[in-house]
Amino acid sequence: MARDWESTFKSWAKGPGKTEDERCDNAIRAIRNAIGKSTALKGRWIEVFLQGSYRNRVNVRQNSDVDVGIVCHDVFSYCLPQGTTAEQFGISPATYTYRQFKNEVEGALVDHFGRQAVHRGNKAFDVTANSYRVEADVAPFFEHRRYSVSGGYDEGVELRPDRGGRIINWPEQHYNNGVAKNSLTGRRYKRVVRILKRLCIEMDDQGIAAAKPIPGFLIECLVWNVPNGHFGHLTYTADVRAVLVFLFNNTMRDKECWDWVEVSHLKYLFRGQKPWTRSQAHEFLSAAWDYLGFE
């Protein structure tokens, strides 16, 4: 008997439940308490926030760690328009370093949760504290500003891995744009994202190679680039089919998706150094179509 994909999609489309919301609330509260008790961080302008798939309500793995960000607004990195200088924007050098900040965050987490519960990774801290019922990936950030010639700027966050490099993200823009598209598509955008993320996980579990290199974030961004008119059919199956058709046809060659962006609308999806490629995305979409038995 053929699988009833519509029933499966209805189940996969559901958003996080009460238990997941409670996990997020508990993690945020515990991390804020840890930072608030730190003498080293006392007086710093620090914001603790939920980020990633939990913040954007497209998480599908119930046992995955909650993503928490800790941003220090006392210092900011910046990107300036070509031909301008920091002095023109009133920017002066900072004395507080990112490494110092990360070390002080680590100290705050260890003091609160215990050394055994905190593991320092290249980018973030893995906090697993059973006594606090916390399983979280905690990433420290400095504020980041992308200036325009007028002097205004877009505000994001920057992470600096221990092994070097810079990672700049735009969590607020990502969140706001996702909410707006979800509204404009009758709440189908995030539901289709959840469906395709669950589909990718199932395909990977079944040993389908094309699914393995595809992160959930890429799926979220791919669906973001689908025009709103492809959503809102009578069934989820029709929505998924329409989304896959559009994405498959437009990832065959670089030129069709060269201008595609991440959900924040501030980073290109396939330009520059990325942990994925256009061809990997296309191969996954083709494999997903075949896995679903679409014709």
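**Cysteines, rings and a pocket**

Author: Cys24 counts as buried, because its relative accessibility is 7%. The model is a predicted one, and the values here are computed from it. Which cysteine sulfur is closest to that of Cys24? The closest is in Cys221, and because the two sulfurs are 19 Å apart, they are too far for a bond. Cys221 is buried as well, because its relative accessibility is 0%. For Cys221 the closest cysteine sulfur is in Cys257, at 13 Å, so this distance is also too far for a bond. A disulfide is a covalent bond between the sulfur atoms of two cysteines. The cut-off applied here is 2.5 Å between the sulfur atoms, and by that rule the number of disulfides is zero.

The aromatic rings come next. Across the whole structure, the search finds 17 aromatic pairs. One of them joins Phe246 and Trp260, with 6.0 Å from centre to centre and 10° between the planes. The pair counts as stacked, because the planes are under 30 degrees apart. Where in the chain do Phe246 and Trp260 lie? Phe246 belongs to helix α8 (residues 236-250), while Trp260 is in the loop between α9 (254-257) and α10 (278-292). The two are 14 residues apart, and the pair links distant parts of the chain. Phe246 counts as buried because its relative accessibility is 16%, and Trp260 counts as buried because its value is 8%.

Elsewhere, Trp5, Phe9, Trp12 and Tyr291 form one aromatic cluster. Charged groups also sit over rings. The charged end of Arg55 lies over the ring of Tyr175, 4.0 Å from the ring centre. Phe294 has the charged end of Arg241 over its ring, at 4.4 Å from the centre.

By type, the lining of the second largest pocket consists of ten nonpolar, three polar and two charged residues.

Terms used
Residues are numbered from 1 along each chain as its sequence is written. This is a predicted model: local features need pLDDT of at least 70, side-chain atom pairs count only at pLDDT 80 or more; totals for chains, interfaces and linings use all residues. Side-chain values use heavy atoms; hydrogens and water are left out. Ala, Val, Leu, Ile, Met, Phe, Trp, Tyr, Cys and Pro count as nonpolar, Asp, Glu, Lys and Arg as charged, and the others, Gly among them, as polar. Buried means under 20% relative accessible area, exposed over 50%, partly exposed in between (1.4 Å probe, protein chains only). Rings of Phe, Tyr and Trp (its six-membered ring) pair if their centres lie within 6.5 Å; planes under 30 degrees apart count as stacked, over 60 as edge-to-face and the rest as tilted. Helices (H or I, at least four residues) and strands (E, at least two) are DSSP runs, numbered from the N terminus. A charge sits over a ring if NZ of Lys or CZ of Arg is within 6 Å of the ring centre and within 35 degrees of the ring normal.
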